[in-house]
Amino acid sequence: MMFNGALWFIPCLFSIELLYYFIAKIKNNTKIFITIILIYIIGFLLRKYTYIAPFGIGAAMIGMIFYGIGHITKNKIKTSYNSKIPIAISIFICGMLQIVLYPFTGADLATLYLKNAYLYVPIALIGIFLYWQLSILIKKNRVIEFLGVNSLVIFAFQEPVYRAIIFIVSKLTHIEIESIRLSFLLCIVTSILTIITILPAIHIWNKKIMPIIKKI
């Protein structure tokens with residue numbers, strides 16, 4: 001998908017959904033866990049040969065482990081705490097671990113590049129845990145909920161739109177494109193401008209396209 005590299009995720013998720021449909025028929029969680037571990041190992045060993053496989057099958061085999069763990073634990077995790085202190089401590093510890101350990105993982109699931117196969121899964125799970133704790137801490141936020149509900153439309157358009165916006169910002173400010181990409185403040189600005197630009201597409205999707213899909 002040279003025109004929009006981020007879209008690798010959609011066929012990958014499609015493949016995971018189909019593969020896990022059969023795995024979910026296993027009633028024992030221990031057997032499910034062993035199965036997804038084996039699939040992960042096979043995917044890791046074959047990643048050089050499955051990079052060009054259709055529908056992101058190679059990435060699906062590796063990413064299956066996260067989908068499976070989510071399925072196994074979804075009814076066993078707490079979604080609220082009596083105190084915010086444990087959450088704050090968890091976020092701090094996870095954040096520090098991410099900063100310290102991520103350079104050793106050097107992973108990119110889109111290209112099946114895994115610098116360290118052993119650290120990749122635990123570090124990724126720490127990141128997932130971090131965002132989960134943040135979601136509990138935030139609880140309700142209309143802006144984040146809007147972005148979440150409309151994430152698919154944003155996801156589909158974000159890459160070509162933000163590339164164009166970065167180019168325009170670069171011309172207007174006379175700042176090199178690479179410098180914009182490396183500036184935290186300018187990245188926030190381009191992200192906000194990207195979402196604002198995509199708002200008409202979100203409106204068209206929700207008001208015009210979704211009703212047609214529901215009828216079909």
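1. How are α4 and α6 oriented relative to each other? Helix α4 covers residues 57-73, and helix α6 covers residues 117-138. Their axes cross at roughly 45 degrees. An angle under 35 degrees would count as roughly parallel, and the roughly perpendicular range is 65 to 115; α4 and α6 are therefore oblique to each other. Note that the model under discussion is predicted.

2. Some context for the whole chain. The chain holds 10 helices and two strands. Reading from the N terminus, the order of elements is α-α-α-α-α-β-β-α-α-α-α-α. The C-alpha trace spans about 55 × 45 × 40 Å along its principal axes.

3. The chain is divided into three parts: domain 1 (1-80), domain 2 (83-138) and domain 3 (142-214). The centres of domain 1 and domain 3, taken over C-alpha atoms, are separated by 28 Å. Six residues from domain 1 and six residues from domain 3 make up the contact between these two domains. About 460 Å² is buried between domain 1 and domain 3, and carbon and sulfur atoms give 62% of that area.

4. The axes of α4 and α6 come within 11 Å, and their crossing is right-handed. On the α4 side the contact uses I62, I65, F66 and I69; on the α6 side it uses Y120, V121, A124, L125 and I128. By class, this contact has nine nonpolar, no polar and no charged residues.

5. Helix α1 (residues 9-23) also packs on α4, at an angle of about 55 degrees and with the axes 8 Å apart. That angle makes α1 and α4 oblique to each other. Helix α1 passes α4 in a right-handed crossing. From α1 the contact takes C12, L13, S15, I16, E17, L19, Y20 and I23. From α4 it takes I57, A59, A60, G63, M64, Y67, G68 and H71. The contact of α1 with α4 has 11 nonpolar, four polar and one charged residues.

6. Which way does α2 run against α4, roughly parallel or roughly antiparallel? Helix α2 (residues 29-45) and α4 pack at an angle of about 165 degrees, with axes 7 Å apart. Angles over 145 count as roughly antiparallel, so α2 is roughly antiparallel to α4. The crossing of α2 and α4 is left-handed.

7. The contact between α2 and α4 can be listed by side. Helix α2 contributes N29, I32, F33, I36, I37, I39, Y40, I42, G43 and F44. Helix α4 contributes M61, I62, M64, I65, G68, I69, H71 and I72. These residues divide into 14 nonpolar, four polar and no charged.

Technical notes: Residues numbered from 1 in each chain as written. Predicted model: local features only at pLDDT ≥ 70, side-chain atom pairs only at ≥ 80, totals over all residues. Heavy atoms only, no water. Axes fitted to C-alpha atoms, helices over the stretch in contact; angles between N-to-C directions. Helix = DSSP H or I, 4+ residues; strand = E, 2+ residues; numbered from the N terminus. Left-handed = near helix turned anticlockwise from the far one by under 90°. Contact = heavy atoms within 4.5 Å. Nonpolar A, V, L, I, M, F, W, Y, C, P; charged D, E, K, R; others polar. Domains from an automatic or database assignment. Buried area = accessible area lost by both parts, 1.4 Å probe.
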